[in-house]
Amino acid sequence: MRTKVIKIYEQGSLEVLKIEEEELKKLDSNEILIEHSFAGLNFIDINQRRGTYPLKNLPKVLGMEASGTVREIGSNVSKFNIGDKVTHCMNLGSFSQFMNLDKDRVIKLKNEVDLKIAAASTLQGLTSQYLINHSYKLKKNDTVLVHAAAGGVGQILCQWAKKIGANVIGTVSSLEKENIARQNGCHFTINYSKDDFEKKVLEITKNNGVDVIYDSVGKDTFLKGIGCLAPKGRIVSFGVSSGPIDPININMLRSFSGSISTGGLNTYIKDANEMQMNAETFFDMIIKKDLEINIDKTFHIDKIKEAQSILEKRQTTGSIVLKF
């Protein structure tokens, strides 16, 4: 069987992205064959394409998230059936119309979950799940600062934090994104293109600072964020969309017992049962309408360069989905 893929032979600009067809390998006994309906576009795809995250043994098919339908199962597979709706993330090669995946890397979906919503939110939802429950256990009445609050993860984090009963502050880059952040649970928004977010946070919190900062931006926000932390506060770094974080002096945190945590989704999806359980927690919130997923734009897979360009320039107000 042949499948359409998005492949790179070297890391670099948008021009390294190639649309090709390649032969699919024979299905192993522990694998399932998925026909993807949609794929999610995330900043990790940008970092892998441009070389911020090195990739070994090029060429590689890109993509880290997709959803679809099971078309074939290996002889050792019992928990999936042909026709099941499934989703997955953090599996390099997801920008492929057909994909063979180990059964322990795939999440079974309830029929109520839309495949487009799943492709837009699996990676972001599972990321939000570990950030709120593990990197820092968010509690009612905590004060939280979410950078890039109008982005895909940001919108989920803000909704989830509000549901818990936290006080939510979000940073954004435009008036339009301020409105989106408020619609998704922010009690206060800060437009960092015109305001100093450190000063505004201290003003909003009456110089108390915030209990936790969720930072996916990196270079442009991390060091300044330390000045926003309350005593015993924690800054959680889970992305570097503006570039790698500069080295820091850990003594900056000592005087107020501050802490730094880093996040990596792979740690929380290594165990198949844990991954399935965490995913069900997240998708059940969507089914119950406790969370809403905002899909900003949908592109055909052939428009991958245009889609990545928009994401790279931070011109999105939600998730970008690629359709096959």
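**Pockets and cavities in a predicted model**

Let's start with the open space: the largest pocket has a volume of about 890 Å³. This is a predicted model, where local features need pLDDT of at least 70, side-chain atom pairs count only at pLDDT 80 or more, and totals for chains, interfaces and linings use all residues. Residues are numbered from 1 along each chain as its sequence is written, and side-chain values use heavy atoms, with hydrogens and water left out.

Now, some terms. The search runs on a 1 Å grid over the protein atoms alone. A pocket is an open set of points with protein on both sides within 12 Å along at least five of seven lines. A cavity is a set of points where a 1.4 Å probe fits but cannot get out. Lining residues have an atom within 4 Å of a point. Points are joined across faces, edges and corners, and a volume is the space filled by probe spheres set on them.

Back to the largest pocket. Its lining has 42 residues, and Phe43, Val153, Ser216, Phe238 and Ser241 lie nearest the centre. By class, that lining divides into 19 nonpolar, 21 polar and 2 charged residues. Here Ala, Val, Leu, Ile, Met, Phe, Trp, Tyr, Cys and Pro count as nonpolar, Asp, Glu, Lys and Arg as charged, and the others, Gly among them, as polar. Which elements supply at least two residues each? They are helix 1 (43-50), helix 2 (115-135), helix 3, strand 10 (167-172) and strand 16 (319-323). Helices (H or I, at least four residues) and strands (E, at least two) are DSSP runs, numbered from the N terminus.

Next, the second largest pocket. Its volume is about 500 Å³. It is lined by 20 residues, with Glu22, Leu92, Gly93, Met99 and Asn100 nearest its centre. Strand 7 gives the most to this lining, with 4 residues. The classes are 8 nonpolar, 5 polar and 7 charged.

Now the closed spaces. How many cavities of 30 Å³ or more are there? The count is 2. Two elements give two or more residues each: strand 8 (107-108) and helix 7 (272-287). Helix 7 gives the most, with 5 residues. By class, we get 6 nonpolar, no polar and 4 charged residues.

The second largest cavity holds about 30 Å³ of space. Among the residues lining it are Gln124, Gln155, Gln159, Asn294 and Ser319. Helix 3 (residues 152-164) provides the largest share, 4 residues. This lining has 2 nonpolar, 7 polar and 1 charged residues.

Finally, step back to the whole protein. It has 8 helices and 16 strands. Its radius of gyration is 20 Å, close to the 20 Å from the globule rule for 324 residues, so the protein is as compact as a globular protein of that length. That radius is taken over C-alpha atoms, and the rule is 2.2 Å times the number of residues to the power 0.38. Along the principal axes, the C-alpha atoms fill a box of roughly 60 × 40 × 35 Å. Of the 324 residues, 55% count as buried, meaning under 20% relative accessible area with a 1.4 Å probe, protein chains only.

Definitions and conventions:
Buried means under 20% relative accessible area, exposed over 50%, partly exposed in between (1.4 Å probe, protein chains only).
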